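Subject: Structure handover

Dear colleague,

Please find below the structure that I promised to pass on to you.

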Amino acid sequence: NIYGYIWLSTDDPVVFGFADETSCVFSNTNVRNMVEGNWGPSNTLGDNKWSAAYRGIQKALVFEQNIDRVPEGVLSTDLKTQYKAESRFLRGWFYWNLLRLYGPFVIFEKPAEQDEDFNNYVRRPFDECVEYVCGLMESTLNVLPDVWTSTAYLGRPTRGAALAVISQARLLAASELWNGNPRFKDFKNKDGELLAPQTKDQEKWRIAAEAAEDVIDLGIYHLYHNTESGLSFRELFMSGNHAEVIFATHKSGDWQWGYDKRCNPKNGGYSMQNATQNIVDAFLTRDGLDINDDENYSEEGFAQKDDPDEYGKVRNEINRGYRKGESNMYVDREPRFYASVHYNGRPVLSAITVDDRNYFSSDKNKDGFGRAEYYYSGSSGAGTQMTDFTGYNVAKKVSTSSSIRNDQAVYRPYIHIRYAEILLNYMEAMNEYNPEDPKIITYFNEIRERAGIPNITVTYPQDLGDKEKMREWILRERQIELAFEGDRFWTLARRLLYEKEENRKIYRMNVLADDQGQGFAFEGFYERKLLQTRYWDNKMYLYPIAQTEIDRGRGLVQNPGW
């Protein structure tokens, strides 16, 4: 049951309203308390991942200690070797998740006894923890396969998954949070042992780039392509059995149903997982340009007529915002925008029949398409007691085959790591080490080509090779490509970007303006309004360890500031 300790982040602040890409509409949720600063060691809001990870680690250690006792006739030597490698990967996975949430961790080499003296256990320095995670992953490389031969093994780690975790860990080690961060100069164990690196090491960026390239050089992963770009980008999340998926959890049931419910409009869904205006503005135009750089982009007015070539693309294809009455803010944006964001006037995704879709519209708008009414008096608007609504929901990973009205969700995997992230890891790390490396542009263009937009060499040739400019574009590309997958949470933390005011000011549409019967083509709705300026304290770059864990052993020190 060790695999059962892998947590999925659907209810997690990682994807649910902590970073600037999303907001939770309900004020009494844990993540809303977190962004208001109302949490700490004595109240972790039920989010004690320190304890959860160590339960998985202890289970894995017990398994590894005892598996060889099973007779050869019951389990072959080869199968025992495979199982032990999977268990070591899982231990490494739990330790890795501890590292990026809490920083330095306690290393257990054997199962804890019932009468264990936890006073003897102390946190190990950050660099040692990185090497420990990477060492566990490296110990599996000669055992785990490149690809499992049967779909029955979907969800088990491969060599690529182990190398991908190393890539993630090396990127964290190279980034500003842990690479000579002066704020951690007094982060020590009780005996004075330093827990954080004290000097910046530029070589860590090179090591991180090489770790990403180790995954790329396997030659077994590629970006998912099916038909047109928007469909490829949407459909890659509907199946775990393709070559962009590196590591995923294949668990049907609650997470899909809960995710669809929270991302879909009220009356059938909860309108709970809101996209922000911040992420809407981050998406590019159809020409691959920032909205402020594209002379063809205008937010004024509305689509005046239905384009016959586009209007039919309602559910199974990508419509570029040409429906009558849709704001020009949503016209001719890049395909990833339509695969990721649900906006006012767009048809509801998770519904099956025409009647289901009509269920989400008021009488004047019932046309079989089920266009969501996010304006104040609309069926899913802020007038339904959602005063903190942003005017958007998340569309990425929402199934078009689920019926939210009838609470029926279809299976799809929870993807933890995919190949696009590895390409972005290389680009980011190598740009810091050697911005002239041509593979930065090669991988950048590979991602943009799948996205269906012009290459960076066409759109911003003047910025190529400029470390600062390209850093902005690479982080922007991460923000867009990996939106709503948890990466924004980690990227803002490891690059010390949460403290920037621009990442704490969260914007929405003017959802409290009354449309006065005008419906979708209501100009008052499409005004940016400040939703909140989120509370921030630099101690929040690391989670607090629950006070119950600190009390269990006097050797354990708390994270700085908590």
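A residue is called buried when its relative accessible area is under 20%, exposed when it is over 50%, and partly exposed in between. Phe-126 has a relative accessibility of 0%, and therefore it counts as buried. Please keep in mind throughout that this is a predicted model, so that every value below is computed from predicted coordinates.

**The chain as a whole**

The chain contains 17 helices and eight strands. Its radius of gyration is 24 Å, close to the 24 Å that the globule rule gives for 562 residues, so the chain is as compact as a globular protein of that length. Along the principal axes, the C-alpha trace spans about 70 × 55 × 50 Å. Of the 562 residues, 62% are buried, and among the contacts between residues at least 6 apart in sequence, 71% join residues that are at least 24 apart.

As for the surface, the chain exposes about 21,900 Å², of which carbon and sulfur atoms supply 45%. There are 68 positive and 84 negative side chains, and the centres of these two sets lie 4 Å apart.

**Confidence**

The mean pLDDT of the chain is 92, and 96% of its residues reach 70 or more. Over residues 310–317, however, the pLDDT is below 50, although this stretch has 29 contacts in the model beyond near neighbours in sequence. Where pLDDT is low, the predicted coordinates should not be read in detail.

Phe-126, the buried residue with which I began, belongs to helix 4, which covers residues 126–138. Leaving out residues up to four places away in sequence, Phe-126 touches Leu-99, Pro-104, Leu-172, Ala-173, Trp-178, Leu-195 and Pro-197.

Ala-196 sits in the loop between helix 5 (159–174) and helix 6, and its relative accessible area of 8% is why it is classed as buried. Between Ala-196 and Lys-185, which are 11 residues apart in sequence, the C-alpha to C-alpha distance is 7.2 Å.

**Arg-206**

Helix 6 itself, residues 203–216, holds Arg-206, which counts as partly exposed because its relative accessibility is 24%. Arg-206 and Leu-79 are 127 residues apart in sequence, and their C-alpha atoms lie 37 Å apart in space.

**Leu-492**

Which residue lies 7.7 Å from Leu-492, C-alpha to C-alpha, while being 473 residues apart from it in sequence? That residue is Ala-19, and Ala-19 is also among the residues that Leu-492 touches, together with Asp-20, Leu-497, Tyr-498, Asn-503 and Tyr-541, when residues up to four places away are not counted. Leu-492 is part of helix 16, residues 487–494, and is buried because its relative accessible area is 0%.

Asn-358 is found in helix 11, which covers residues 354–358. With a relative accessible area of 17%, Asn-358 falls under the cut-off and is therefore buried; beyond residues up to four places away in sequence, it touches Lys-366, Asp-367 and Gly-368.

In the loop between helix 11 and strand 5 (392–394) lies Gln-385, which has a positive phi of about 65 degrees although it is not a glycine. Most residues other than glycine have a negative phi. Is Gln-385 buried or exposed? Its relative accessibility is 76%, so Gln-385 counts as exposed.

Asn-267 also has a positive phi, in this case of about 90 degrees, and is likewise not a glycine. Asn-267 is located in the loop between helix 8 (254–263) and strand 3 (273–275), and because its relative accessibility is 45%, Asn-267 counts as partly exposed.

Technical notes:
Residues are numbered from 1 along each chain as its sequence is written. This is a predicted model: local features need pLDDT of at least 70, side-chain atom pairs count only at pLDDT 80 or more; totals for chains, interfaces and linings use all residues. Side-chain values use heavy atoms; hydrogens and water are left out. Helices (H or I, at least four residues) and strands (E, at least two) are DSSP runs, numbered from the N terminus. Buried means under 20% relative accessible area, exposed over 50%, partly exposed in between (1.4 Å probe, protein chains only). Contact means heavy atoms within 4.5 Å. The radius of gyration is taken over C-alpha atoms; the globule rule is 2.2 Å times the number of residues to the power 0.38. Accessible areas come from the Shrake-Rupley method with a 1.4 Å probe; for residues, only the protein chains shown count as cover. Lys and Arg count as positive and Asp and Glu as negative; His and the chain ends are not counted. The place of a charge is taken as NZ of Lys, CZ of Arg, CG of Asp or CD of Glu. pLDDT is the predictor's confidence in each residue, from 0 to 100.
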